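Hello,

Here is the structure I promised to pass on. My notes follow below it.

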Amino acid sequence: MGKDEKRMAEWAANFSDLFYKCFIREDRYKLLLSGIGVTIKVSLLAIVIGILIGMVIATCNLSKKKLLRFIGGVYTDVIRGTPSVTQLMIIYFVIFATVPLDKWIIAAIAFGVNSGAYVSEIVRAGILSIDKGQTEAGRSLGLSAFQTMSRIVVPQAVKNIFPALCNEFIVLIKETAIVGYVGLMDIQKAGDFIKSATFIAFMPLIGTAVIYYVLIKILTLALRQVEIRLRKADAR
Amino acid sequence: MEDRWKNHADMENVMIKVRNLHKKFEDLDVLSGIDEHITQGEVVVVIGPSGSGKSTFLRCLNLLETVTEGEIYVDDELITDPKVNVNRVRQKMGMVFQQFNLFPHLTIMDNITLAPVLLKKMTKEEAVKRGQELLERVNLGEKANAYPAQLSGGQKQRVAIARALAMDPEIMLFDEPTSALDPEMVGEVLDVMKDLARSGMTMVIVTHEMGFAKEVASRVLFIDQGVVMESGTPEEVFGNPQNERTKNFLSKVL
């Protein structure tokens, strides 16, 4: 055996030993699997909450009423001006301190509240991107402001803002890696836990990164398919 | 006074009554006191230099612009009253825009049937049947399933007219309907409008097509600096203008 081959064999043995210690021994992979479940649960609910809040705040920001614009402005300003960890901890330990809800739901609310501020700006930009003539045409036919918005403006805006929304979803999923701060065992926390238990840093952290990367890759590919379908309608 | 106005209106079958209409944008006076009666079946063509306020006048009629001062009555209803149901008022008035403003995400048929179905004027089936009739009328019967992006400018504008007609309006407003068209497509749109005029529709048309005005208008309004400078039959306004500004304008465009 040559020198290089020997080194390689050593490295491989070392790697598989680390892999075994970190993921197989004591069924540690199960921690990561349940962590993936937590990350997905929290992210999905947060995305839904974020879209709902985003639409409400965008409506406020576009409103003719000064008070609504003020509320929308303050919301966006405060959320953008503070770190999401701080927001998460305030919502968990202060606002929902005495509310008997599952931990993961409270965390999802926190991330939804955060995402809503960014979604609202995306939605607002999307609505403003639709020509004023579209609204005028709808209103001149006798449609109400709401009917014009929901049947004419929003369907066109969605297509324009879809890539920006996808981007926001991806940021949100990665953002949830801080839920360990309120005691939830997501992917990041599971990897961290393994690191502490085994005193091995390399394998659990790289494993965590790979899992996030694969999750987001799958989501990106799925969303791309949706976008292609949306664009197809244009070509007709 | 108010009653006398009303009786007078009924006698002449006035559909739109405008009194002392003012419109300001910030500090700029765009309309500075317009008084006008438009009777049923009239085809009123509004001409004037750009920036004269003629488009703003038209847009005030269906409240796309909020009126700063003055009153507008449609069918004896004060539509400038803040309490009035704007959506119901607008259903009586079809509007055709310079930029067509078709809904690009909907088929031609859906463009036409959206409002009548949504506002519960017709069932979907009735609306589609009526839509097809209207498309035939503007010579686009075969385009029902096309999308706006597949049509030429002239075709788009004819669809826009059909879309407005689908609400069975009493009045049709046209805001420079041929100004965004290539020259060879102007004729097909004007033909549809002539046909509409012959059918007795009350129409108010802002346009630069003087030939069309001469041929179709029952009355021509010359607006400049936010007021009606001259009003009369096409023969009077084009043949024997009284106002200096009218003469000046016509010498440039004719």
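A polar contact here is a pair of N or O atoms within 3.5 Å; within protein, one must be able to donate a hydrogen and the other to accept it, and residues adjacent in sequence count only if both atoms are side-chain atoms. By that rule, six residue pairs are in polar contact between chain B and chain A, both residues at pLDDT 80 or more.

The model is predicted: local features need pLDDT of at least 70, side-chain atom pairs count only at pLDDT 80 or more, and totals for chains, interfaces and linings use all residues. Residues are numbered from 1 along each chain as its sequence is written, chains are lettered from A in the order in which they are written, and side-chain values use heavy atoms, with hydrogens and water left out.

**The interface**

Chain B puts 23 residues in contact (heavy atoms within 4.5 Å) with 19 residues of chain A. The two chains bury about 1900 Å² between them, meaning accessible area (1.4 Å probe) lost on being put together, summed over both. Carbon and sulfur atoms carry 59% of it. On the chain B side, F103(B), H105(B) and L118(B) lose the most area to chain A, together 27% of what that side buries.

There is one salt bridge between the chains (a side-chain nitrogen of Lys or Arg within 4 Å of a carboxyl oxygen of Asp or Glu). E136(A) and R59(B) form a salt bridge through their side chains, at 2.6 Å, N to O.

**Elsewhere in chain A**

From K3(A), V94(A) is 91 residues away in sequence and 61 Å away in space, C-alpha to C-alpha.

Best wishes
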